[in-house]
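Reader: I would like a close look at a single part of this model, followed by an account of the rest of the chain around it.

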Amino acid sequence: MENSFNDRLNEKDISTLKYEKRMGYIFAIMIICFGALLSFFSVLVSENIKWNTLIIVDFCILILSFLVQYLTNRKINRDLLENEKIIKIEIIQLLESKPTYEAGSGTLFAPILGDLFPKLWGQRMRKLLKTSIVVNNTRYEVDPEVFEELKIRGSVEFHFGKYSNTILAILPHQDAK
């Protein structure tokens with residue numbers, strides 16, 4: 001059995017990669033906002049403003065923000081441009097399923113009042129099921145639908161971006177017989 005091979009990106013993979021680009025955009029916007037505040041305060045504080053210097057500094061800040069965005073997203077952009085992903089087939093070491101509770105879902109539970117007035121004081125936290133697998137001594141969270149199809153010592157497919165190594169999907173491997 002071949003351990004890894006290349007494949008084309010599907011629509012879900014493309015949307016996952018585009019979603020991953022958000023951090024580069026956030027950093028760029030933060031740099032632009034910082035530059036705008038710096039320019040605003042320098043105009044407020046200074047009595048004689050050197051407009052040439054201010055324009056040059058603002059232009060450098062714009063270039064810096066573009067550079068940060070480009071460097072942060074360059075591997076993801078290359079994945080999208082070449083439209084390829086790597087699929088690695090690995091063996092599952094362990095399957096885990098643990099109950100967890102949704103944060104903020106149980107806003108106000110008082111034990112005695114909750115029993116007497118359940119609609120007003122009886123809201124409990126919503127219980128969820130966290131499903132994960134262990135492969136090569138690393139834990140990966142998977143969807144419950146995928147988890148139901150997996151078995152210990154079975155095979156699983158990891159779909160990665162070719163250059164960014166972003167995990168695009170974890171799917172059960174259909175063993176060739």
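Is Phe41 buried, partly exposed or exposed, and what is its relative accessible area?

Author: Phe41 is partly exposed, with a relative accessible area of 47%. The classes are set by cut-offs: buried is under 20% relative accessible area, exposed is over 50%, and partly exposed lies in between (1.4 Å probe, protein chains only). The areas come from the Shrake-Rupley method with a 1.4 Å probe, and for residues only the protein chains shown count as cover.

The model is predicted: local features need pLDDT of at least 70 and side-chain atom pairs count only at pLDDT 80 or more, while totals for chains, interfaces and linings use all residues. Residues are numbered from 1 along each chain as its sequence is written, and side-chain values use heavy atoms, with hydrogens and water left out.

Phe41 lies in helix α2, which covers residues 22-45. Together with Leu37, Phe40, Leu44 and Val45, Phe41 makes a nonpolar surface patch of about 550 Å². A patch takes residues with over 30% relative accessible area and no salt bridge; nonpolar side chains (Val, Leu, Ile, Met, Phe, Trp, Tyr) are joined within 5 Å, like charges within 9 Å.

For the setting, the protein has 6 helices and 7 strands. Helices (H or I, at least four residues) and strands (E, at least two) are DSSP runs numbered from the N terminus. Along the sequence the pattern reads β-α-α-α-β-β-α-α-β-β-α-β-β. Of the 177 residues, 28% are buried.

Glu145 lies in helix α6 and is exposed, because its relative accessible area is 56%.

Salt bridges come next. A salt bridge is a side-chain nitrogen of Lys or Arg within 4 Å of a carboxyl oxygen of Asp or Glu, and by this rule the count is 5. One of them joins the side chains of Glu82 and Arg78 at 3.4 Å, N to O. Both residues lie in helix α3 (residues 51-82), 4 residues apart, which is about one turn of the helix. Glu82 is partly exposed at 29% relative accessible area, and Arg78 is partly exposed at 42%.

Another salt bridge pairs Glu96 with Arg139, whose closest N and O atoms are 2.6 Å apart. This pair links distant parts of the chain, since Glu96 is in strand β3 (residues 94-101) and Arg139 in strand β5 (residues 138-141), 43 residues apart. Glu96 is buried, with a relative accessible area of 15%.

A further salt bridge is made by the side chains of Glu102 and Arg126 (2.5 Å, N to O). Glu102 lies in the loop between β3 and α4 (111-116) and Arg126 in the loop between α5 (118-121) and β4 (127-135), so the pair ties together parts that are 24 residues apart in sequence. Glu102 counts as partly exposed, at 28% relative accessibility.

Two asparagines have positive phi values. Asn136, in the loop between β4 and β5, has a phi near 50 degrees, a positive value in a residue other than glycine. Asn165 is not a glycine, yet its phi is about 55 degrees and positive. Asn165 is found in the loop between β6 (155-161) and β7 and is exposed, with a relative accessible area of 53%.

Ala169 is found in strand β7 and counts as buried, because its relative accessibility is 14%. The C-alpha atoms of Ala169 and Lys12 are separated by 9.0 Å, although the two residues are 157 residues apart along the chain. His173 is found in the segment after β7 (167-172). His173 is buried, at 15% relative accessible area, and its side chain makes a polar contact of 2.9 Å with the side chain of Glu157. A polar contact is a pair of N or O atoms within 3.5 Å; within protein, one must be able to donate a hydrogen and the other to accept it, and residues adjacent in sequence count only if both atoms are side-chain atoms.
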